[in-house]
Amino acid sequence: MIYLVIILGIVAMALSQISPRHFKYGLESAWLLIFIFLAIRYDFGNDYYNYQYIFNDIASASSFAYDDTLHFEKGWQVLCWIFKPVGFYGMVFVLTAFECYVYYRIIKQYVPQKYYWLSIFLFVFSPGLMLIGASMMRNQLAIAIFLCSVKFIFERRIIPYLLLIYLATTIHRSAIILYPIFLLGFIRNLKISNITVYIILIGYIVLSYLGPKLSPIVEQLAILANMQETYEVYSTNTRNGISYGIGSVILFVILTYSLFIVGRLDCKANLI
């Protein structure tokens with residue numbers, strides 16, 4: 001599978017960089033390729049079968065009723081019920097189409113053409129985006145809904161922004177942390193200097209080192225937010241010593257390169 005992902009990323013990046021003078025639909029072709037890969041995925045990641053099980057459990061009922069014992073947010077349970085006629089695979093197909101379109105539109109609107117390849121690279125190879133999102137479906141959908149709200153940040157329209165973030169929280173509770181992001185819309189001249197880049201990178205290293213030590217605090221916050229049962233599997237993985245070393249190194253390299261790149265972009269592209 002990893003080789004297939006690498007090939008997918010390389011081909012998609014190459015397509016996105018084709019000059020519009022030679023082929024007008026390079027970026028569109030890249031995202032179509034990514035969509036096809038994600039739409040037909042099967043048994044991808046640790047959470048795939050759990051989502052399928054929850055869907056079948058909800059769809060098997062004669063009428064919809066929110067079940068808090070499933071530990072899945074109400075919005076996601078409603079989606080499962082809505083997609084009952086087309087089944088779980090139909091739901092995955094439609095949501096994947098929506099998510100890929102959202103990413104495509106964001107890149108098309110805010111990212112210069114010469115950096116399309118970097119956007120594809122970040123999406124495909126960043127551990128927390130495509131690879132994790134293909135398994136953690138609620139997270140991916142919540143992120144896509146948030147990206148739909150980006151235009152309202154720049155337009156400083158708080159009501160539609162808050163409504164979209166609320167919708168995202170009904171899919172995944174962690175989206176609650178996105179409410180303050182609206183304040184970034186008041187930044188008119190964001191420039192990322194080399195010193196700022198070094199500070200961010202040092203902060204990333206420090207937080208990566210302190211991560212295991214902060215785990216008990218995160219668990220207590222989850223308890224206060226009534227989310228401990230929903231996320232207990234992740235804290236269990238941490239206590240059992242599951243390592244994400246390679247992913248952290250990859251993310252560090254991506255973060256470093258991206259930060260030096262964004263210093264050359266305009267304010268909106270930097271915020272994206």
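**Close-up views of a predicted model**

By class, two nonpolar, three polar and two charged residues make up the lining of the second largest cavity. This is a predicted model, in which local features need pLDDT of at least 70, side-chain atom pairs count only at pLDDT 80 or more, and totals for chains, interfaces and linings use all residues. Residues are numbered from 1 along each chain as its sequence is written, and side-chain values use heavy atoms, with hydrogens and water left out.

**View 1. The second largest cavity.** Let's start inside. This cavity holds about 30 Å³ of space, and its lining consists of L38, R41, T96, E99, G133, A134 and Q140. A cavity is a set of points on a 1 Å grid over the protein atoms alone where a 1.4 Å probe fits but cannot get out; lining residues have an atom within 4 Å of a point. Its volume is the space filled by probe spheres set on the points, which are joined across faces, edges and corners. For the classes, Ala, Val, Leu, Ile, Met, Phe, Trp, Tyr, Cys and Pro count as nonpolar, Asp, Glu, Lys and Arg as charged, and the others, Gly among them, as polar.

**View 2. The largest cavity.** The structure has two cavities of 30 Å³ or more, and the largest has a volume of about 70 Å³. Around the largest cavity sit R41, W76, M91, V92, L95, T96, E99, G133, M137, Q140 and L141. Six of these lining residues are nonpolar, three polar and two charged. Helices here are DSSP runs (H or I, at least four residues), numbered from the N terminus.

**View 3. R138 in helix α8.** Is R138 buried or exposed? R138, which lies in helix α8, is buried because its relative accessible area is 5% (buried means under 20%, exposed over 50%, partly exposed in between, with a 1.4 Å probe and protein chains only). The C-alpha atoms of R138 and Y51 are 9.2 Å apart, although 87 residues separate the two along the chain.

**View 4. L122 in helix α6.** L122 belongs to helix α6 (residues 116–125) and counts as partly exposed, because its relative accessibility is 24%. Its C-alpha atom lies 9.5 Å from that of G9, a residue 113 positions away along the chain.

View 5. I10 is partly exposed, because its relative accessible area is 48%.

Key. On a 1 Å grid over the protein atoms alone, a cavity is a set of points where a 1.4 Å probe fits but cannot get out, and a pocket is an open set with protein on both sides within 12 Å along at least five of seven lines; lining residues have an atom within 4 Å of a point. Helices (H or I, at least four residues) and strands (E, at least two) are DSSP runs, numbered from the N terminus.
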